[in-house]
Amino acid sequence: MAASSAQTGEWTARGETGTRPHWLGQLTKRWTVRVLLSAVGWTVVGWVFSLPSLMGPNYHQSLRMYLTEFWAWGLITPLVILLDRRLPFSGKQLGRRIATHLVASAFFTIVYYYIFTTMRALAGVVPWSSLSARQLFSFANLGWYLWSWLICCLIVGAVQAYRYYERYMSSELRLERLEHSFAEARLNALRMQLDPHFLFNALNTISSHVERDPKLTRRMIEHLGDLLRLSLESKDKQEVPLVEELEFLEHYLAIQKIRFGNQLRVTMQVAPEVRLAAVPALVVQPLVENAIRHGISRRAAGGTVTVQATREGERLAIRVLDDGVGLPPGWSMENSAGLGLSITRERIAGLHPNGDSRFVVQNRAEGGTVVEILLPLRLVGEEENGRALA
């Protein structure tokens, strides 16, 4: 920032020596934590290697030697990692990466041994004359060089293993995202099939009453408009609270009651504690439609459709019962189910692929059919409904 003086017209800089940018502080803090963790880690490794001589008379000298040995590796390891990141080879070119590291490891081994000897001299383990070129490259130190080179190769192997672990986790995450996107696209496609299915059936119902009773037809169209509005509001949702699904069902039943009159009786038995349970959007309406079309409409005296929703342990149980004609002999979900039942079953299985759900269609002992759905009980929509009530 800068400020001007009204009298002199000069500009004075402000804030140039202020606090460092936030990102720089975070970066410094992150590297500080890494350095501290690395120092603690290599110290622990050195202490562990010194334990065999714990009860010996020269334990302190042995401890200093091992600590300096692994502290020196703590300084070399970042260089190995930096070289690995700067290599112009992809992760698939493992042979070239290994060859480059083998050549570089000879250089790192020499650098390491010089740092190691310097630290030992500082710790009083060896005299300072050990840093002379004659002492550093003497034949007596060949064993130390070979041992150091092997450790350097071990560090290179650990770095490569970590890189491949990162690639593996990244691939797993990418695959999981693709599977999730595929499952979501499949569920959306199934949902898109349901919307025109119920719409065409509702329009057929309305068209059959246009000339017979225009007033009732207008009421049907009003309820159909509400159905379309609710369907559009939930088109991007795979799950909705049960209370919203029941509101959608009420408008559909209003159309059917106008059509069938006293021949259609509907009973709702919904436990209060499950009204906010999460259910797949547009899951109950196809079941009720199937009960009316294939059960109730085929009886001259009509019948009753009962919708039940209760809690059974940690599950939500939804049942649609009718006292109609029942299932024909040899009926099965695989070969005889219509579009509504088949899509509903697939959507439930897609939303709960771990076997936590159940979808069963069977005859009732009293006559008629029962469709039973079991879902994991999960409450949603408390905040939204609280605002609505307010």
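Ser105 touches Trp149 and Cys152, residues up to four places away in sequence not being counted; a contact denotes heavy atoms within 4.5 Å. In this predicted model, Ser105 is found in helix α3, helices (H or I, at least four residues) and strands (E, at least two) being DSSP runs numbered from the N terminus. Ser105 is buried, with a relative accessible area of 1%. The term buried stands for under 20% relative accessible area, exposed for over 50%, and partly exposed for values in between, with a 1.4 Å probe and protein chains only.

The model is predicted, so that local features need pLDDT of at least 70 and side-chain atom pairs count only at pLDDT 80 or more, whereas totals for chains, interfaces and linings use all residues. Residues are numbered from 1 along each chain as its sequence is written, and side-chain values use heavy atoms, with hydrogens and water left out.

The protein comprises 11 helices and nine strands. Of its 390 residues, 36% are buried. Among the contacts with a separation of 6 or more, 70% are accounted for by residues 24 or more positions apart. The mean pLDDT (the predictor's confidence in each residue, from 0 to 100) is 78 for the protein, and 79% of the residues reach 70 or more. Among the elements, the lowest mean pLDDT, 41, belongs to strand β2 (residues 11-13), and the highest, 95, to strand β7 (residues 315-322). Over residues 1-20 pLDDT stays under 50, and the model has 15 contacts beyond four places in sequence for this stretch. Over residues 383-390 pLDDT likewise stays under 50, with two contacts beyond four places in sequence.

Helix α3 also packs against another helix. Two packed helices are described by the angle between their axes and the distance between the axes. The axes of helix α2 (residues 59-86) and α3 come within 9 Å and cross at roughly 145 degrees; axes are lines fitted to C-alpha atoms, for helices over the stretch in contact, and angles run from 0 to 180 degrees between N-to-C directions. The crossing of α2 and α3 is right-handed, the term applying if the near helix is turned clockwise from the far one by less than a right angle, and left-handed if anticlockwise. Residues making this contact include Trp71, Leu75, Leu79 and Leu83 of α2 and Ala104, Phe108, Val111 and Ile115 of α3.

In the loop between α3 (94-122) and α4 (133-136) lies Leu131. Its contacts, not counting residues up to four places away in sequence, are with Tyr114, Thr117, Thr118 and Leu136. Leu131 and Thr117 are 14 residues apart along the chain, and their C-alpha atoms are separated by 6.7 Å.

The passage of α7 across α8 is right-handed. Among the residues making the contact are Phe248, Leu249, Tyr252 and Phe260 of α7 and Val284, Val288 and Ile292 of α8.

Helix α8 (residues 284-296) has 13 residues and reaches 17 Å from its first C-alpha to its last, close to the expected 18 Å; the expected span is 1.5 Å times one less than the number of residues. Of the 13 residues of α8, 10 are buried, including Leu287, Ala291, Gly295 and Ile296. The loop between β5 (278-280) and α8 contains Leu282. Leu282 has a phi near 60 degrees, a positive value in a residue other than glycine, and is buried, with a relative accessible area of 3%.

Helix α10 (residues 339-351) also has 13 residues, and its end C-alpha atoms are 18 Å apart, in agreement with the 18 Å that it should span. The buried residues in α10 include Leu341, Ile343, Arg347 and Ile348.

In strand β8 (residues 358-363), Arg358 is partly exposed, with a relative accessible area of 40%. Arg358 touches Glu372, Ile373 and Leu374, not counting residues up to four places away in sequence. The C-alpha atoms of Arg358 and Ala317, 41 residues apart along the chain, are separated by 9.3 Å.
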